[in-house]
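Work through the exercises below with the sequence and the model open. Each task is followed by a solution in steps.

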Amino acid sequence: MKRRNVLAGMAALFAGACSKVSDSETGKTLFDAAEGWHRKLHRALAGKQGLAKEYTRADLSPTFRGNGSQTVDTDFYRAQLENGFADWRLEVRGLVETPLSLSMDNIRSLPQRNQITRHDCVEGWSAIGEWTGVQLSVLLDAAKVMEETKFIVFRCADKYAGSDYYESVDMVEAYHPQTIVAHMLNGEALPEKNGAPLRMRIERQLGYKHAKYLTAIEAVASLDQVGGGKGGYWEDRIGYQWYAGI
Ligand SMILES: Nc1nc2c(c(=O)[nH]1)N[C@H]1C(S)=C(S)[C@@H](COP(=O)(O)O)O[C@H]1N2
Ligand SMILES: [Mo]
C-alpha cells in the first residue's frame, strides 16, 4: 500500500467523518500517528506470520452461502437495507485516543485490499470468495489505539438465538494484513445474508470469528468484562476455541 494513498484516505476520513478531531489536525500529525511505535511493533509481528492462501477468480465458489444469522431483525436494519446503508455507522472506540464514527462512504474512500480466500466453517462446509475492504490496521492507526490494548472486539447488529453476536482477536491478528473490514463480496456490495453492509475477514481463522453486520470495533485491555468473558459468542456458549487457527 502506498503511503500517500493511506494519508489521502485518512485525511478524507477525518474530514468527512470525525467530529472529535479538531480542524487543526494536520496531515503531519496523521502521518506521525501512522508511523507510531504501535504500528511498527505490530507490523513487525504480523510480518513474521504467514498469509492465508489466496486463490484466483477461477476458483470462486458459484455461490457463497449464508450461515448463522442471515439478516438483522430490526426496523433500523430494514430501513438501512432500503436506503443503501446511508445512515450506517461503524464506530471505532474503547482504548483509542481518537474515537471514530465512519459512514460507508468514509470506508469506501480509504485504501482498499482485495483478497480471494477460502472460508472454513466448523459445521463442515467451505467456500471461496473475493473480499474487498479496508485493513483493520488502517482504522486502528487512524483512531490511535492506546498502548495497553490487548484485544480488539467486534460488535454486531444481530442477535443469534436471542443474544448479541460478537467476536474478538489479539493484536497480531488485528494487524495482520489480511484482516479487513469487508464491504464487498465477489465485486458487489455485501449481500444481506453475508453480513451487509460490513463484516470482518480474519483469513487465518475459522468462520465463526468473521463477525458480520459490524457496528463497532472496540480496543480493550481484557476480555473479562466482554460478553461471557471468553471472547466470542460461540466461545461463551459451546466452548469453541478463541484462537480458531485453520
Ligand atoms: N454477526 C454474526 N456474525 C457471524 C455469524 C452470526 O451468526 N452473526 N455466524 C458466523 C459463522 S459460524 C460463520 S461460518 C460465518 C458465515 O458467514 P456467511 O454467512 O458469509 O457464510 O459468519 C460468522 N459471523
Ligand atoms: Mo461457522
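**Exercise 1: the sheet**

In this predicted model, five strands form an open sheet with mixed pairing, in the order β2-β1-β10-β5-β6.

Task: State which strands are the edge strands and how the neighbouring strands are turned.

Solution. Step 1: β2 (100–102) and β6 (163–170) are the edge strands, as each pairs on one side only. Step 2: neighbouring strands of this sheet are turned by 20 degrees against each other on average, direction ignored.

**Exercise 2: cysteines**

Task: Count the disulfides, then decide whether C121 is buried or exposed.

Solution. Step 1: the structure holds zero disulfides. Step 2: buried means under 20% relative accessible area. Step 3: C121 has 12% relative accessibility, so C121 counts as buried. Step 4: C156, at 10% relative accessibility, therefore counts as buried.

**Exercise 3: confidence**

Task: Find where pLDDT stays under 50.

Solution. Step 1: the chain has a mean pLDDT of 87, with 80% of its residues at 70 or more. Step 2: pLDDT stays under 50 over residues 15–34. Step 3: where pLDDT is low, the predicted coordinates should not be read in detail.

Note on methods: Residues numbered from 1 in each chain as written. Chains lettered and ligands numbered in written order. Predicted model: local features only at pLDDT ≥ 70, side-chain atom pairs only at ≥ 80, totals over all residues. Heavy atoms only, no water. pLDDT = per-residue confidence, 0-100. Contact = heavy atoms within 4.5 Å. Pairing = 2+ DSSP bridges. Helix = DSSP H or I, 4+ residues; strand = E, 2+ residues; numbered from the N terminus. Axes fitted to C-alpha atoms, helices over the stretch in contact; angles between N-to-C directions. Disulfide = S-S within 2.5 Å. Buried < 20%, exposed > 50% of the residue type's maximum accessible area, 1.4 Å probe, protein only.
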